[in-house]
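The following note comments on a single protein chain for a reader who is new to structural description. Please keep the sequence and the model in view while reading the numbered points.

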Amino acid sequence: MITLKKYIFTNNIINKIMAIFCTLLWGTTAPAVKLMFDSLKIQNNDIPKQIYFAGICFTLSGIFTLIVPCIKRKKLLLINRSTITDTFLIAIMQTTLQYIFFYIGLANTSASKASIISSFCTFFIIILSHFIYKDEKLTLQKTIGCMLGITSMVILNLEYSQNISLDFKLLGEGFMLFSAIAIAVPTPICKRLSFKEDVTIFTGNSFLIGGVFLILIGLLYGGNINLFSTYNFCLLLYLSVSSSIAGVLWNYLLKYNEVSKISIYNLLVPIFGTLFSYIILKENIYEIKTIISLILASSGIYMVEKVSKTNKVNLKEILNKCAIKSNKNL
């Protein structure tokens with residue numbers, strides 16, 4: 001049955017706006033986290049505290065995400081037995097392992113290498129989609145689109161690129177690669193789970209479970225931090241709420257669209273991160289390279305989207321059905 005929700009998330013213009021909005025929210029988290037780390041005096045190599053902090057953020061994101069469906073249904077929503085394996089897998093991989101690999105990897109490699117390797121997650125997702133979904137074959141056009149995206153990351157980090165070496169350390173570049181894989185592998189599972197469980201519920205549960213594990217691991221290695229101040233609370237609230245909104249919208253987009261068509265928008269996250277770092281933190285950026293990166297990333301998105309199928313849904317038909325259903329209930 002075609003619903004208004006399906007129309008919204010399959011409309012070609014609306015889903016573009018939503019995908020860009022999600023990546024914009026994720027892009028703002030980079031400067032927000034930097035401000036938080038400065039306030040809490042968390043050093044770049046202080047992994048336990050970073051993991052603990054990420055755990056607090058995602059635990060709160062999970063709680064905020066679950067509040068609305070709990071109030072709506074007037075009960076505490078637990079994980080269904082039929083979806084518990086998928087929910088835990090998403091939580092452990094996309095939240096817990098991804099951030100552990102990310103923070104350890106970032107501490108053992110350069111920021112430019114980390115950014116470039118992280119962009120590989122988009123390519124990994126599109127490759128996985130090729131083998132899982134019959135209608136999402138890896139074409140030459142999609143491959144070129146991904147290559148344009150990775151090139152945009154190289155250019156975005158151009159001022160550091162002269163210092164990029166070809167050495168490969170397991171705890172550095174290796175863990176950044178594992179972080180990208182940890183994002184990619186559960187993505188098709190998110191799509192599958194979205195047809196079994198309410199998107200808001202499984203997104204909230206995965207945030208909550210993954211966040212709790214991060215907190216426990218952070219505490220185990222002495223990562224306790226004092227978050228109690230108005231400034232820290234406001235930043236933490238923003239990070240948690242923005243992650244909640246972006247996570248739910250993104251999973252709805254994955255549910256109603258081709259995985260590759262939506263995932264390619266991940267290329268915009270570091271570009272938005274760079275722009276907001278300039279706006280909020282007054283970090284020095286090279287405007288020309290940022291514009292070139294944006295053009296290349298946008299070209300990559302266009303190439304992947306061009307070969308993706310778009311399901312056209314008639315809004316008038318949906319509204320008529322909603323009106324008929326409403327009249328029957330009167």
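1. The largest cavity holds about 30 Å³ of space. A cavity is a set of points, on a 1 Å grid over the protein atoms alone, where a 1.4 Å probe fits but cannot get out. Grid points are joined across faces, edges and corners, and the volume is the space filled by probe spheres set on the points. A search of the whole structure finds one cavity of 30 Å³ or more.

2. The model is predicted: local features need pLDDT of at least 70, side-chain atom pairs count only at pLDDT 80 or more, and totals for chains, interfaces and linings use all residues. Residues are numbered from 1 along each chain as its sequence is written, and side-chain values use heavy atoms, with hydrogens and water left out.

3. Which residues line the largest cavity? They are S119, F120, T122, F123, C146, I150, I264 and L267, where a lining residue has an atom within 4 Å of a point. By class, six of the lining residues are nonpolar, two are polar and none is charged. Here Ala, Val, Leu, Ile, Met, Phe, Trp, Tyr, Cys and Pro count as nonpolar, Asp, Glu, Lys and Arg as charged, and the others, Gly among them, as polar.

4. The chain as a whole has 16 helices and zero strands. Helices (H or I, at least four residues) and strands (E, at least two) are DSSP runs, numbered from the N terminus. Of the 330 residues, 50% are buried; buried means under 20% relative accessible area, exposed over 50%, and partly exposed in between (1.4 Å probe, protein chains only).

5. The second largest pocket has a volume of about 320 Å³. Of its 14 lining residues, the closest to the centre are T65, V68, P69, T200 and V248. A pocket is an open set of points with protein on both sides within 12 Å along at least five of seven lines. Both α3 (47–73) and α12 (230–256) supply at least two lining residues, and α3 gives the most, with six. The lining divides into seven nonpolar, three polar and four charged residues.

6. Helix α3 deserves a separate remark. It bends by about 30 degrees at I67, and the proline P69 follows within four residues; the bend is the angle between axes fitted to the seven residues ending there and the seven starting there. After α3 comes K74, whose phi is positive, near 55 degrees.

7. I79 lies in the loop between α3 and α4 (84–107). Leaving aside neighbours within four places in sequence, I79 is in contact (heavy atoms within 4.5 Å) with I84, T87, F88, N205 and I209.

8. S206, in helix α11 (residues 199–220), is buried, with a relative accessible area of 6%. Beyond its neighbours within four places in sequence, S206 touches T87, I90, A91 and T95.
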